[in-house]
Amino acid sequence: MRRALAVLLVAAGVLAVTGCGGRGASGQDVERTRSDVRDAAEQELPALVEELGGGVVRADGRYDLEGLKDDVRLVYRVEAQLLVDRGTSADVTGALEGLGYTITQDAAGTVVGERDDLRYLMATSDDGDLRVTLEGPQLRVPEEDRPASRPHEQLDLPASVMVPAPERPGQGRSDGTGDG
C-alpha cells in the first residue's frame with residue numbers, strides 16, 4: 001500500500017511540473033525553463049564547437065506554442081547554426097554523449113540527445129553546416145501566464161566561438177559590393 005501511494009505521489013508531482021492536469025505550469029515554471037535552456041546552450045554550444053572544430057554562426061532563443069486550441073503547450077527553444085570541421089553523425093553523437101546526453105535517435109541525418117528535461121536535435125551534414133535545436137519541456141500554461149510575444153533573443157556566447165556566415169554561390173555578398 002505504501003509503495004502504491006508513493007508511486008501516485010511521484011506521478012502527481014510529475015504531472016504538476018509538466019502542466020498535465022490541474023491548472024498547469026506557472027509563470028515561474030516558464031521562466032525557469034527559459035533560463036535552464038539558455039544556460040545549457042550558452043555552456044554547451046562552445047563545448048560542441050570545440051569538440052567538432054569550428055564555430056557558431058548564429059544562436060538565438062524563443063518561445064513557441066505547439067498543439068491545438070484545447071491542448072496548447074509552450075516550449076522554449078534555442079536554434080543555432082554551427083560551421084564545424086567534423087559534422088558527421090558519428091562526430092555529433094560522440095560530442096553529445098561527451099556532454100552527458102543519451103542518444104535517442106541517430107538516423108536520416110538527425111541525431112537526438114536527451115538529458116533530464118533538455119533535448120538536442122542536430123541535423124548532421126557532410127559539409128559541416130549543422131542545424132541545432134535545444135529545447136526544454138513542453139509546458140501546459142494557462143493563457144494568463146504565457147509570456148508576451150517577444151523577438152528572438154540572442155544568446156550570450158563568447159566572441160571567440162562566433163564565425164561569419166558562409167557566402168553561398170548566387171546569394172550575393174552581405175556587404176552589397178558584389179554577387180560573391
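Predicted model: local features only at pLDDT ≥ 70, side-chain atom pairs only at ≥ 80, totals over all residues.
Asp116 lies in the loop between strands S4 and S5. Helices (H or I, at least four residues) and strands (E, at least two) are DSSP runs, numbered from the N terminus. Residues are numbered from 1 along each chain as its sequence is written, and side-chain values use heavy atoms, with hydrogens and water left out.

Let me return to Asp116. Its phi is near 55°, a positive value in a residue other than glycine. Most residues other than glycine have a negative phi. Asp116 is also exposed, with a relative accessible area of 77%. Exposed means over 50% relative accessible area, buried means under 20%, and partly exposed lies in between, with a 1.4 Å probe and protein chains only.

A second residue deserves mention here. Ala108 sits in the loop between S3 and S4. Phi of Ala108 is near 50°, again a positive value in a residue other than glycine. With 83% relative accessibility, Ala108 counts as exposed.

I turn now to the chain as a whole. It has three helices and eight strands. Along the sequence, these elements follow the pattern α-α-β-β-α-β-β-β-β-β-β. The chain has 180 residues, and 38% of them count as buried. Its accessible surface comes to about 10500 Å², and carbon and sulfur atoms contribute 50% of that area. Accessible areas come from the Shrake-Rupley method with a 1.4 Å probe; for residues, only the protein chains shown count as cover. Among contacts with a separation of 6 or more, 65% join residues 24 or more positions apart, where contact means heavy atoms within 4.5 Å.

Finally, please look at helix H3, residues 89–98. Which residues of this helix are buried? They are Val92, Thr93, Ala95 and Leu96. These four cover an arc of only 165° around the axis, which puts them on the same side of H3; the arc is that of the directions from the helix axis to the C-beta atoms. What do the buried residues of H3 pack against? Their partners are helix H2 (27–52) and the strands S3 (102–107), S4 (110–115), S5 (118–123) and S6 (129–135). On the face turned away from the buried side, H3 carries the exposed residues Ala90 and Gly98. After H3 comes Gly100, whose phi is positive, near 90°.
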